[in-house]
Amino acid sequence: MKEQFTTNVINLKSYNLSEADKIILMYSKEKGLIKGVAKGLKKTTSKLGGRMDMLVANKLMINKGKTLDTICQAEALNTFFNLRNDMDKLFYAMYASEIISNFGSENDPNSEEIYNLFYSLLDKLSQAKTKENILLNIIKFQLKIMDITGYSIELNDCVKCLKEPNSEEIYFSIEQGGILCKDCSTDLCKKIKIPKKIIEFLNTMLQSDFETKTKYDDLMTEKIGDICINLLKNYIEYYSPKKFKTTQMLESIR
């Protein structure tokens, strides 16, 4: 008798395996990154159908295999339908999916926390009414996912002298992993001057629960969103073990 297990997943991407079959890369609540064969998926009679589309959350029943597991049943939990009606929502969701793919791992000890964060993001993006709301949720996601995966950004104290900056002149260093005070920034070539208000905004987002509304949420603008997302995007790319493919796509919608 074949060994089976059930798990909640979100589909990240798919690969052709044969004329009829595909391999689906997913992030699961219990096991982190997993792959499964969807047999006959490319046939019009496939029972799995649209449930194997990218950015769909499913409850799966999977048969364990010697080399590859096989998806035998799928119950859709959320298709995040409105993502597909808005290019901004879809592109940012695809970017988030690539972050999960690049930083996730098999048997990830943080799998439940990452799955729940990713699910919440897709749900928030799907329901978002404004561009500002889309950007806000992406910023929160960027900060949270890096924190969970061990690459949290230091936004309170200078990463060199370990003291709180005592002036309005604050810099950010990707290589150093956080903010620098004026004095400690003088010997570094690669640094970005950042307004103190932006640092306060990012720090509030980092320290707050993803679902919690902060005092900054209603003050969000597209300009602030673009500054923060670009900063975090460069930070994430720097520490990513794999090259990103979606970042050029993001530039086309900003």
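**Before selecting anything**

The model is predicted, so local features need pLDDT of at least 70 and side-chain atom pairs count only at pLDDT 80 or more, while totals for chains, interfaces and linings use all residues. Residues are numbered from 1 along each chain as its sequence is written, and side-chain values use heavy atoms, with hydrogens and water left out.

**Stop 1: the barrel**

Begin with the closed barrel of 5 strands, which runs 1-2-3-5-4 with mixed pairing; from one strand to the next the twist averages 50°. Strands here are DSSP runs (E, at least two residues), as are helices (H or I, at least four residues), both numbered from the N terminus, and two strands pair if DSSP finds at least two bridges between them. Angles run from 0 to 180 degrees between N-to-C directions, and the axes are lines fitted to C-alpha atoms, for helices over the stretch in contact.

Select strand 2 (residues 22-28) next, together with strand 3 (residues 32-38): the two run antiparallel and are joined by 7 bridges. They form a hairpin with 3 residues between them, and within the pairing Ser28 stands opposite Gly32, while Met26 has Ile34 as its bridge partner. Is strand 2 mostly covered, or mostly open? Strand 2 is mostly covered, as 6 of its 7 residues are buried, where buried means under 20% relative accessible area, exposed over 50%, and partly exposed in between (1.4 Å probe, protein chains only).

**Stop 2: the helices across the barrel**

Helix 2 (residues 111-127) lies across strand 1, strand 2, strand 3, strand 4 (57-63) and strand 5 (69-78), at about 60° to strand 1. Helix 2 has 17 residues and reaches 24 Å from its first C-alpha to its last, close to the 24 Å expected at 1.5 Å a residue, the expected span being 1.5 Å times one less than the number of residues. Colour the buried residues of helix 2, which include Ile114, Leu117, Phe118, Leu121 and Leu125.

**Stop 3: the cores**

A nonpolar core is a set of buried Ala, Val, Leu, Ile, Met, Phe, Trp, Tyr and Cys residues joined through side-chain atoms within 4.5 Å. The largest has 57 residues, and those with the most contacts inside it are Phe118, Ile139, Phe141, Leu143, Phe201 and Leu202. Among the elements that give two or more residues to this core are strand 1, strand 2, helix 3 (131-148), helix 4 (196-207) and helix 5 (222-239), and the largest share, 10 residues, comes from helix 3. Apart from this core lies another, of 13 residues, among them Phe5, Ile24, Leu41 and Leu60.

Centre the view on Gln142, whose place is in helix 3. Gln142 is buried, with a relative accessible area of 1%, and, not counting residues up to four places away in sequence, touches Tyr95, Cys228, Ile229, Leu232, Lys233 and Ile236; contact means heavy atoms within 4.5 Å.

**Stop 4: helix 4 and helix 5**

Select these two helices, which pack at an angle of about 70° with their axes 11 Å apart. They are therefore roughly perpendicular to each other, on a scale where angles under 35 degrees count as roughly parallel, over 145 as roughly antiparallel, 65 to 115 as roughly perpendicular and the rest as oblique. Where they meet, Ile198, Phe201 and Leu202 in helix 4 face Ile224, Cys228, Leu231 and Leu232 in helix 5 as contacts. Leaving aside neighbours within four places in sequence, Phe201 is in contact with Leu136, Ile139, Tyr216, Met220, Ile224 and Cys228.

**Stop 5**

Finish with the open sheet of 3 strands, in the order 7-6-8 and with antiparallel pairing. Its edge strands are strand 7 (178-180) and strand 8 (192-194), each pairing on one side only. Strand 6 and strand 7 pair over 3 bridges, with Leu180 as the bridge partner of Tyr171. Helix 4 lies across strand 6, strand 7 and strand 8, running at about 80° to strand 8.
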